[in-house]
Amino acid sequence: MMAGRAPGWGTAAFLALACAGLSVVGPAPLIFVPLAVLLVGAPPVQPRHVVLGLALGALVFHGGARQGLWLGGRGWALLVGAWFLVAVLALPRATFLDRGLAALAGAAASAAVLFGVVPDAWRTFDWAVRSALWSGVSDAVAVGGAAFGQRPWWPQATDMMYRLAELQAVLFPALLALATLAGLAAAWFVFGRVARGEPGPLGPLREFRFRDELVWLLIAGIVLILVADGGAVERAGANLVAFMGALYVLRGVAVALSLAGTPGLASAVLAALALMFLYPLVMAAMFVVGLTDTWLDLRGRASSRGPGSGETGP
């Protein structure tokens, strides 16, 4: 399989938007804190990079309420940034995704220890997230009610918004992990371009893959959902399934892009329309493709059947 063109700055902008859309604590700390840590501690360490990193860190931590989501979001970002720096230094040949997932695992373990040591810390943070989500929906309902309150479909829309907020509250650890991964990717891209002068700090989307052993996290999440009778265990399983499910959907998209080649304008429009009107089916199909790639290596098989592979038929 031929390597695709290195992603440009549009990729960094898309990753920042993904981070903003998924995060419940605000995207700025998830991008700028890891970037500041990289500028200060990752090679090549240069005085101007250190100054820029310290300035970014001071900007992110300046002002604010210093409690609730403000404190929790920046504390999490600092943990992730520190673990990502460790991964960069300890795994010089690893891919970004391996380093990012290692940083997520290290930060999650560190956060679990902190929550275990500080009484009611997790409950307080969980409640702060839930309150922020419900407050946002209440504001949206108040604004929308003034414009659409007399429409017959407005009560159903209101109910759907509250249900979505409740789902976000339950799955916010998975959403935060996905947002963090997107923020780390954006930070790594900017660091690679600005500090290292690399044309492609991140590989093309068609090359996206992760370790096949991570399928056991998906299996563990499914088992926890099946054996638990509600409570924290079932919630943990649901978050594992949501996180790994999103990664497998993205892997499925990468496989589809690799096998289809560079789409033309008509193909891109048809794909956008299919995603818009059939997104549950499209997402399910991409999940199945990504999961299948774990065992069948669909891109490797397609490459081996390409020109010069020595095979003359299916």
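Student: Which residue lies over the face of Phe210?
Tutor: This is a predicted model, by the way. A charge counts as sitting over a ring if NZ of Lys or CZ of Arg is within 6 Å of the ring centre and within 35 degrees of the ring normal. Here Arg251 lies over the face of Phe210, 5.0 Å from the ring centre.

Student: How many aromatic pairs are there in the whole structure?
Tutor: A search turns up 16 of them. Take Phe84 and Trp188: their planes sit at 85° with ring centres 5.7 Å apart, so we call the pair edge-to-face. Phe84 belongs to helix H4 (residues 68-90) and Trp188 to helix H7 (residues 154-194), so the pair ties together parts that are 104 residues apart in sequence.

Student: Are Phe84 and Trp188 buried or exposed?
Tutor: Both are buried. They also form one aromatic cluster with Phe96 and Phe191.

Student: And how do I read two helices that pack together?
Tutor: You describe them by the angle between their axes and the distance between the axes. For helix H8 (residues 215-227) and helix H9 (residues 231-260), the axes come within 7 Å and cross at roughly 145°. That crossing of H8 and H9 is left-handed.

Student: Which residues in H8 and H9 meet?
Tutor: On the H8 side they include Val215, Leu218 and Ile222, and on the H9 side Val233, Val241 and Tyr248 are among them. Sorted by class, the H8 and H9 contact has 12 nonpolar, 2 polar and 1 charged residues.

Note on methods:
Residues numbered from 1 in each chain as written. Predicted model: local features only at pLDDT ≥ 70, side-chain atom pairs only at ≥ 80, totals over all residues. Heavy atoms only, no water. Phe/Tyr/Trp six-rings, centres within 6.5 Å; stacked < 30°, edge-to-face > 60°. Helix = DSSP H or I, 4+ residues; strand = E, 2+ residues; numbered from the N terminus. Buried < 20%, exposed > 50% of the residue type's maximum accessible area, 1.4 Å probe, protein only. Axes fitted to C-alpha atoms, helices over the stretch in contact; angles between N-to-C directions. Left-handed = near helix turned anticlockwise from the far one by under 90°. Contact = heavy atoms within 4.5 Å. Nonpolar A, V, L, I, M, F, W, Y, C, P; charged D, E, K, R; others polar.
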